[in-house]
Amino acid sequence: AQAPSQALTVAEPEVQTERPNSIWLVEQTKDHELYSNGLRIDTTQRVKGTRRTFAPIDEATGTVLATSASPVGIVFHTTESDILSLEPANNASLLRNSKNLVAYIKRHEFYHYLIDRFGRVYQILNDDSRANHAGNAVWASSGKVYMNLNHAFFGVSFESRFAPEGPLPLTEAQLQAGRLL
């Protein structure tokens, strides 16, 4: 007769983490930027686009306010890409799809940043450039109306797509990279 099996419980050690008061650029090379929170941005595809400039409108009076070049927000997107399942057998195709997607986004200047399925963050446009990501969208906040979100907002896209049953889930790597960005 065999003795009944017993489950072995292993206690997880408590992990102490430190959160800095600010995030700063730790390292900058011709290929990437590394930040103190662990974010690594691939800058090999970065291009200088059209300079960002916009003039918000006072919501109460309709008066055009002073021109600005500082973004006021972020619009998050999905790339509407063909998506393969995240499995080792699809690795070569996943890498090829991401490479082609980066080239397409760069050519059309769609987003400032792209986060691929592996969590790699690519900067496509300089931060002071506008991106072609929001069309003729309008946004109002804090008494101001923004008529061109391409100029007023950063565009960040996750490699994914929206399906009739809802958006496909982001990968853990994408979620972590998005938080760091």
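**Charged pairs and their surroundings**

Modeller: Happy to! Let's start with Arg130 and Glu109, whose side chains meet in a salt bridge with N and O 3.5 Å apart. Arg130 belongs to the loop between β7 and β8, while Glu109 belongs to the loop between α1 (91-108) and β6, so the pair links distant parts of the chain, 21 residues apart. Arg130 is buried, with a relative accessible area of 16%. Please keep in mind that this is a predicted model.

Altogether, the structure holds six salt bridges. Another of them joins Asp128 to Arg51, and here the closest N and O atoms are 4.0 Å apart. Asp128 sits in the loop between β7 (121-123) and β8 (139-141), and Arg51 in the loop between β3 (40-42) and β4 (57-58), so this bridge ties together parts that are 77 residues apart in sequence. Asp128 is partly exposed, at 30% relative accessible area, whereas Arg51 counts as exposed at 53%.

A further salt bridge runs between Asp116 and Arg120, with the closest N and O atoms 2.6 Å apart. Asp116 is buried, with a relative accessible area of 0%, while Arg120 is partly exposed at 33%. Elsewhere, salt bridges with shared partners join Lys48, Arg51 and Asp128 into one network. As a general point, side chains of opposite charge can pair when their charged atoms come close.

Charge also meets an aromatic ring here: the charged end of Arg52 sits over the ring of Phe154, 5.0 Å from the ring centre.

That brings us to the aromatic residues. The whole structure has seven aromatic pairs. In one of them, Phe110 and Tyr111 have ring centres 6.1 Å apart and planes at 50°, so the pair is tilted. Phe110 is partly exposed, with 22% relative accessibility, and Tyr111 is buried, with 9%. Separately, Phe54, Trp139, Tyr146 and Phe153 form one aromatic cluster.

Finally, a look at the nonpolar side. The largest nonpolar core has eight residues: Leu39, Ile41, Tyr113, Ile115, Val121, Val156, Phe158 and Ala177. β6 (113-115) and β10 (153-158) are the elements that give two or more residues to this core. Setting aside neighbours within four places in sequence, Phe158 is in contact with several residues, including Phe76, His77, Ile115, Leu170 and Gly178.

How values were computed
Residues are numbered from 1 along each chain as its sequence is written. This is a predicted model: local features need pLDDT of at least 70, side-chain atom pairs count only at pLDDT 80 or more; totals for chains, interfaces and linings use all residues. Side-chain values use heavy atoms; hydrogens and water are left out. A nonpolar core is a set of buried Ala, Val, Leu, Ile, Met, Phe, Trp, Tyr and Cys residues joined through side-chain atoms within 4.5 Å. Buried means under 20% relative accessible area, exposed over 50%, partly exposed in between (1.4 Å probe, protein chains only). Helices (H or I, at least four residues) and strands (E, at least two) are DSSP runs, numbered from the N terminus. Contact means heavy atoms within 4.5 Å. Rings of Phe, Tyr and Trp (its six-membered ring) pair if their centres lie within 6.5 Å; planes under 30 degrees apart count as stacked, over 60 as edge-to-face and the rest as tilted. A charge sits over a ring if NZ of Lys or CZ of Arg is within 6 Å of the ring centre and within 35 degrees of the ring normal.
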